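Q: I am new to this structure and would like to learn how to read its features one at a time. Could you take me through them slowly, with the general idea before each case?

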Amino acid sequence: MAHPEFRELVAPHLTALFRSAYRLTGNRHDAEDVVQEVCVRAYTHLATLRTLEQPKTWLLKIAYRVFVDGLRRRTRSPVRATGEELDSTRSSDEPTPEESAEAELAERRLLGALAKLDRGQRALLALQVEGYTVAELTAMTDLSADVLKARLYRARVRLGKLLAADGKAPTFALVK
Amino acid sequence: MSCNDIASVLDTHRAARLAPAERAKIDLHLAACADCSAAWHAHSELLALRVPPVPSTLLERALLASRLPQSAPARRARVPLVVGGALLAGAAAAAVTMSVLREPAPIVSAQAGEQTAAPAAPVAADDEPATLGDDAGSAPQGDGVTSVELVETALSIAPLVRRPPDYPPDALKQRLGGDVQLTFDVTAAGFVENVSVVKSSDAQFEAPAVRALSTWRYLPRIVAGKRVASTGIHTIIRWEPPSDNEPPVDQRLEDAKAEAYLREFVAFSSDLEIALNRLSADDLRGAELQLDQMQAIYGAGRPDLLGFYGYLFTVQGNYDRAIDAYEKTIAAFPTPRHQRSAPWIPLANLYFARHQYDAALDTLVRQRALYETGQINNEGENKALIAKLRALGLTHPSLEAP
C-alpha cells in the first residue's frame, strides 16, 4: 500500500511546496505543475523519502531542480483543477479594490522583473524569501554557503535595479 | 556597516526585527550604496508578494499524477479501462488489457447485522462464458430471510476508479501475457486494503497487479443504509500482449488519440476521486455538487456518472431518485453486452425496498435476458433476491436454475 504512505509523507509539506512553487513560477498553473512533478519524482524514490529526517528540504530540492531545469516534462501532468478554483486566486480577506489594484500592479511589476532574471537567481530568491536558512538553502541547491550568499546578493541587486528602472518608466502610456 | 552586513541581515531574515540603532546604521549605508539599496528594495518587494492559498484538490491531483505510468506508453496495446463498470472503448494508451471480473458480493439482510464474507469465486468474466469455480457452491445462498417486512437495502460494491497496472517490461518484450488472481478488502470509505495474490500465471505480474489494485477505489457496499467494509473480494487482472497482426495505422494519429484519451481519463478519474472523497467524508451535498459539475464537463450520458448518482441517492435514502438514476444508467450503456455490467442488482434491490416487487422481478428478468441460455450470470449476487421474490410468489422461468 505505497499510496497512503506516500500521501502521509507528502501531505504535511504540501503548503510549503506550493508556496515555494508559486514563488518560483509566479503563477498558479505552473506552481501546480511543479508540485505535481515533484510528487511524480518523489514517488519514484519512495524508499529514500521514507528514511529522511528532513523530507521538506528534500522535496524542495526537487522543486528547485524541476524549476531550474525548466519543467521540461510538463506535458506529462495532464491533471488539472476544474472550474471552481482556477479563478479564485484571491482569498476572502481582500483589500479594497483600490489597494488591490495597486498591489496587483506592484505584483505584476515584480513578476515581470523576476522573469528577466535567470532561473537560478530567481530560484534562490524565491526559496530564500520563503524563510529558509542559508543552511537549508545550501542543502536544497548543493551550492556552498559562500557561493550561495554571493549569488543571492547579486540576484537581489539585479532585481532591485530592474524594479527601479521599471518604476521610472511611465506605468501607463497613451498609445496614439 | 558593510555590504556584507546588509546581505547577512537579509539572508538571515532579520530585516523586520532590527534594533533602532542598527536600523539607523543600515539606512545610512543604503543611502550611500546603490547596490545595497536595490537589494534591500528587491527583498521587501519579494516579501510583499501575496501567495494564494493551496488549492484544495492539489494533493489529490498531485498524488494521482505521481501514480501515472511514467514510461512512454507501449505501442498498439489495447486498454479497455473500466470505470464504474462502463467499458470505455477505443482506449490505446497503456499496455495492459484488464479483463475485469465482476466481484461478487453477497446480499446481506438488513436484519442480519454482521454480514458474512463475500463468496470466494470470481463469477463472470465479461468476455467469456462464465465458469464458476469449485467453491461457487459454498457462496452464501441468502440467509433464509424472506419475509415481506424485511426491506433489503444491501447493494453490491461497484468498482469506480481503476488504473491500469504496469506491464512488466520483460514480459512485454517477450510478448508474454499473464494473469493474477487477487483477493482484497474494501474499507467503508472505498479504499482497497489487504491485497494479496491468490495465484498468478507468472510471478513478475504479481507486483504490478498488487500496486495497481491498491490504488483502486470502490463505492462501498451499503448495508441497512450504512456504507460498510467488504472483505475477501476476488478479482483477476489480465495482461494481453499487443497483437502483431493489426492493420497498419497512422501511428501518430493513434498516439495522439491515446494521449487525448489518457488525459481525459486522468482528469475524469481525478474529478471522480474528489466526489468519492467527499462521499467518504459524509459530505453528500458536496459529492452531489461535484457530480453536477462533472456532468457539465463530461456530458450527461455517461453511465459511470449516472451510476454514481444512483449510489449517492441510495446513501441519501432517496430511493426513488436512485431508481431513476440507475434506470438512466442502464439506458446509457451503448450495447446490450455493455449492459451486462450495469447496476442491475442495486436497482432490483431498490425496487424491492420500495415494495415494487414486480419491477424488482422485471429488473432481474431484463438482466437475465442479456445472457445466453445456459450461461451463468451473477448467480451469487442475485440468488438471495430471487429467493425472496419467490417467497412472495413472484417467479419467472428464465430465473429458475436449469
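A: Helices (H or I, at least four residues) and strands (E, at least two) are DSSP runs, numbered from the N terminus, while axes are lines fitted to C-alpha atoms, for helices over the stretch in contact, with angles from 0 to 180 degrees between N-to-C directions. This is a predicted model, in which local features need pLDDT of at least 70 and side-chain atom pairs count only at pLDDT 80 or more, whereas totals for chains, interfaces and linings use all residues. Residues are numbered from 1 along each chain as its sequence is written, and chains are lettered from A and ligands numbered from 1 in the order in which they are written.

Q: In what order do the strands β5, β4 and β9 of chain B stand in their sheet?
A: Strands of a sheet pair through backbone hydrogen bonds, either parallel or antiparallel. Here the order is β5-β4-β9 (chain B) in an open sheet of three strands with antiparallel pairing, where two strands pair if DSSP finds at least two bridges between them. β5 and β9 of chain B stand at the edges with a single partner strand each, so one side of each has no neighbour in the sheet. On average, neighbouring strands of this sheet are turned by 25 degrees against each other, direction ignored.

Q: How many bridges join β4(B) to β9(B), and how many join β4(B) to β5(B)?
A: Eight bridges link β4(B) with strand β9 (residues 230-239) of chain B, and six link β4(B) with strand β5 (residues 192-200) of chain B. V186(B) has S230(B) as its bridge partner in β9(B) and V192(B) as its bridge partner in β5(B), while L182(B) is partnered by T235(B) in β9(B). β4(B) and β5(B) also form a hairpin with five residues between them, and G190(B) in the turn has a positive phi of about 95 degrees.

Q: At what angle do the axes of α12(B) and α13(B) cross?
A: The axes of helix α12 (residues 344-353) and helix α13 (residues 357-368) of chain B cross at roughly 165 degrees and come within 7 Å. The two helices are therefore roughly antiparallel to each other, a term for angles over 145 degrees. Among the residues that meet are W344(B) and L347(B) in α12(B) and Y357(B) and L364(B) in α13(B), contact being C-beta atoms, placed from the backbone, within 7 Å.

Q: How many residues of chain A and of chain B are in contact?
A: 46 residues of chain A are in contact with 43 residues of chain B. The largest share of the side of chain A that touches chain B, 10 residues, comes from α9(A).

How values were computed:
Two residues are in contact if their C-beta atoms, placed from the backbone, lie within 7 Å. Angles under 35 degrees count as roughly parallel, over 145 as roughly antiparallel, 65 to 115 as roughly perpendicular and the rest as oblique.
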